[in-house]
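Subject: Handover of a structure and notes on its contents

Dear colleague,

Please find below the structure that I am handing over to you. My notes follow directly after it.

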Amino acid sequence: MLELNNVSKSYGNSVILKNVSIKIEDSEIVSILGSSGSGKTTLLNLILGLVKPNNGEIIYNGTNITDVSMKDRGFNIVFQDYSLFPNLNAYKNIIYGLKNYPDRSTSEEVDSLIELLDLKEHLNKKIDMLSGGQKQRVALARTLVMKPKILLLDEPLSALDGVIKESIKESIVNIAKKFNLTTIIVTHDPEEALTISDKVLIINNGNIEQFGTPGEIINNPASEFVNDFIIKQLTIKKNNIYKLFNEKE
C-alpha cells in the first residue's frame, strides 16, 4: 500500500499541494486527474521521489520513504515524451536498463513482455521508424523489464488518438492486472481517467476534490467543481457514461 499523509508542497510563496492524504491499495490503477496547474504532476514527482514534500509523509508498505531517494524507491516512470534513445533500435531500448541490472529480468521474461506488447516485428527498427503507439509500447516494455514496485505514467495517451489510443489503454490495463502492478496515471482527460482506472483522484488548485471509483464520481460528485469538470469535458454522451459505470459498479 502507498500512503500519503498530509503531504504539502510549495515553491517559495507558491503553494502547489495542500495537505494531500490518500491510500492506494496494491494492484490498483489510479488516475490523478486535473487541469493544467492543478498540482497533479507535482504529486506524481513526489511519489516518484523526484522532489520532496515540505510537510507530511509518504509511506510504502509500512515504511516511511519520504526521504528515500528516487533510485532507491524502486518506482519507475514512463514520461509523456517516451524519452527513448533515437540511436538505438527498439530492442536495445527495451533492454537498456538491464545493462546495470542484468538479473532483474530473464531473457524469457523480456520475450514475454515483447509478445504481450505486440512488439516482435518492430524490434530491429530505429525509434524514428515507429508510430506513436509503438513508441509508447517500447517505453512501457523498457520500464517493465526493470520490474518496478509501482508504475507511474505521465499523460501516456495524450499524443495518441483513435484505435491506437484504445489499444494502449488496453495494454496498460492488461499489464497492470497480469503483474498485479500498482499503476498511477497522470491525465487531464476525464474520459481517459474514468475508463482506465479503478479509482480516480481529482485535484483542483492543490486540493483533493474527490477520490473514489469512477462510478462514485459519476453518480455522486463530491462538489460542483467535480460535476462541472467531469460532465462538461466528457467527449461522449452523459447517459452513456452513466450506463457504463453503473454496470461496472
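Does tyrosine 60 count as buried or exposed, and at what relative accessibility? Tyrosine 60 counts as buried, because its relative accessibility is 15%; buried means under 20% relative accessible area, exposed over 50%, and partly exposed in between, with a 1.4 Å probe and protein chains only.

The model is a predicted one, in which local features need pLDDT of at least 70 and side-chain atom pairs count only at pLDDT 80 or more, while totals for chains, interfaces and linings use all residues. Residues are numbered from 1 along each chain as its sequence is written, and side-chain values use heavy atoms, with hydrogens and water left out. Helices (H or I, at least four residues) and strands (E, at least two) are DSSP runs, numbered from the N terminus.

Aromatic pairs

The structure holds three aromatic pairs. Rings of Phe, Tyr and Trp (its six-membered ring) pair if their centres lie within 6.5 Å; planes under 30 degrees apart count as stacked, over 60 as edge-to-face and the rest as tilted. One of the pairs joins tyrosine 60 and phenylalanine 75, and it is edge-to-face because the ring centres are 5.3 Å apart and the planes stand at 80°. This pair links distant parts of the chain, with tyrosine 60 in strand β4 (residues 55-60) and phenylalanine 75 in strand β6 (residues 75-78), 15 residues apart. Phenylalanine 75 is also buried, with a relative accessible area of 5%.

Another pair is formed by phenylalanine 85 and tyrosine 96; their centres are 4.4 Å apart and their planes at 40°, so this pair is tilted. Phenylalanine 85 lies in the loop between β6 and α3 and tyrosine 96 in the loop between α3 and α4, so the pair ties together parts that are 11 residues apart in sequence. Phenylalanine 85 is partly exposed at 28%, and tyrosine 96 is partly exposed at 34%.

Nonpolar cores

A nonpolar core is a set of buried Ala, Val, Leu, Ile, Met, Phe, Trp, Tyr and Cys residues joined through side-chain atoms within 4.5 Å. The largest one has 33 residues, and Ile94, Leu119 and Leu140 have the most contacts inside it. At least two residues of this core come from each of α3 (90-94), α4 (107-116), α5 (132-144), β7 (150-154) and α6 (162-178). The largest share, five residues, is supplied by α5. A second, separate core of 27 residues includes Ile24, Val30, Ile65 and Ile203.

Helix α1 (residues 40-48) is largely enclosed by the rest of the structure, because eight of its nine residues are buried. Just after α1, glycine 49 takes a positive phi of about 100°.

Charged side chains

A salt bridge is a side-chain nitrogen of Lys or Arg within 4 Å of a carboxyl oxygen of Asp or Glu. By this rule the count comes to five salt bridges. One of them joins glutamate 28 and lysine 199 at 3.3 Å, N to O. The two residues are 171 residues apart, glutamate 28 in the loop between β2 (14-24) and β3 (29-33) and lysine 199 in strand β9 (residues 199-204). Glutamate 28 counts as buried at 12%, whereas lysine 199 is partly exposed at 23%.

Glutamate 109 forms a salt bridge with lysine 147, their closest N and O atoms being 3.0 Å apart. Here glutamate 109 sits in helix α4 and lysine 147 in the loop between α5 and β7, 38 residues apart. Lysine 165 and aspartate 189 also meet in a salt bridge (3.4 Å, N to O).

Glutamate 3, in strand β1 (residues 2-11), is buried yet has no salt bridge; the nearest side chain of opposite charge, lysine 23, is 4.1 Å away. In this count Lys and Arg are positive and Asp and Glu negative, while His and the chain ends are not counted.

Threonine 182

Threonine 182 is found in strand β8 (residues 182-187) and counts as buried at 5% relative accessibility. A polar atom of its side chain lies 2.9 Å from the backbone nitrogen of serine 27. Leaving aside neighbours within four places in sequence, threonine 182 is in contact (heavy atoms within 4.5 Å) with residues including Ile24, Asp26, Lys149 and Leu151.

Yours sincerely

Key. A polar contact is a pair of N or O atoms within 3.5 Å; within protein, one must be able to donate a hydrogen and the other to accept it, and residues adjacent in sequence count only if both atoms are side-chain atoms.
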